[in-house]
Amino acid sequence: MTPCVPPFWTKMSSLMWCSLFVTLITSRTVSANESSTLDMKVTSCNITGVWRNELGSTLRVKAEGSEVRGVYQTAVESTRGAAGLHRTARIIGIVGNGTQPAVSFSVLWEKGSCSAWLGQCFILHDGEQMLKMFWMLRSVADNLADDWGSTRLGDDLFFKT
């Protein structure tokens, strides 16, 4: 007795087997001790993602075209509570073109101070991406006489996590 299989299913089955065969012979096999990402050399910085700096602050960003948006969570404050209850703020910024673009972003903290970062994304020899950034923090001064101590400058290194 021969099975009664409609011609449509026979053709569909043949197409699926052919597709599977082509996929298998064109795919690279990865051994158990090898990461599938080892051969994927990073050739261009991708700002989108999660970044962490040397002090433990976290930058979560998404770049769309030249626009950068996201959330910054600081691990440090100039004074206790200056960054707000959760130490987070929304960021807005811009990113340039190229394989290692310039990038800048700013935050407005809950208590009124603001910070800005300006720098560049670099691809290191091991393929790791790094943001080398200079920052400026402007705290709100109560009066003109206190203005002298309201601006701080520094630098950060952010690594993609």
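Guide: In this predicted model, rings of Phe, Tyr and Trp, the last taken by its six-membered ring, count as a pair if their centres lie within 6.5 Å.

Visitor: Which residues do ring pairs link into a cluster?
Guide: The structure holds 5 aromatic pairs. Ring pairs of this kind join residues into a cluster, whose members are Tyr 72, Phe 105, Trp 109, Trp 117 and Phe 158.

Visitor: What is the geometry of the pair formed by Tyr 72 and Trp 109, stacked, tilted or edge-to-face?
Guide: The ring centres of Tyr 72 and Trp 109 are 6.0 Å apart, and their planes stand at 70°. Planes over 60 degrees apart fall into one class, so the pair of Tyr 72 and Trp 109 is edge-to-face.

Visitor: How many residues apart are Tyr 72 and Trp 109?
Guide: Tyr 72 belongs to strand β3, which covers residues 67-73, whereas Trp 109 sits in the loop between β5 and β6.

Visitor: How many residues apart in sequence are the parts tied together by Tyr 72 and Phe 158?
Guide: Tyr 72 and Phe 158 form an edge-to-face pair, at 6.2 Å centre to centre and with 70° between the planes, and both residues are buried. Since Tyr 72 lies in strand β3 and Phe 158 in strand β8 (residues 151-160), the separation of the parts that this pair ties together is 86 residues.

Visitor: Which residue in β6 stands opposite Phe 105?
Guide: Strand β5 (residues 102-108) is joined by 7 bridges to strand β6 (residues 114-123), and these two strands run antiparallel. Across this pairing, the residue opposite Phe 105 is Trp 117.

Visitor: Which residue in β5 is the bridge partner of Ile 92?
Guide: Strand β4, made of residues 88-95, runs antiparallel to β5 and is joined to it by 5 bridges. The hairpin of β4 and β5 has 6 residues between the strands, and within this hairpin Gly 98 takes a positive phi near 105°. For Ile 92, the bridge partner in β5 is Ser 106.

Visitor: Which residue takes a positive phi in the hairpin of β5 and β6?
Guide: In this hairpin, 5 residues lie between the strands. The positive phi there is near 105°, and the residue that takes it is Gly 112.

Visitor: Is Ser 104 buried or exposed?
Guide: Ser 104 is found in strand β5, and, leaving aside neighbours within four places in sequence, Ser 104 is in contact with Gly 93, Ile 94, Trp 117 and Leu 118. Because its relative accessibility is 18%, and the cut-off is under 20%, Ser 104 counts as buried.

Conventions:
Residues numbered from 1 in each chain as written. Predicted model: local features only at pLDDT ≥ 70, side-chain atom pairs only at ≥ 80, totals over all residues. Heavy atoms only, no water. Pairing = 2+ DSSP bridges. Helix = DSSP H or I, 4+ residues; strand = E, 2+ residues; numbered from the N terminus. Buried < 20%, exposed > 50% of the residue type's maximum accessible area, 1.4 Å probe, protein only. Contact = heavy atoms within 4.5 Å. Phe/Tyr/Trp six-rings, centres within 6.5 Å; stacked < 30°, edge-to-face > 60°.
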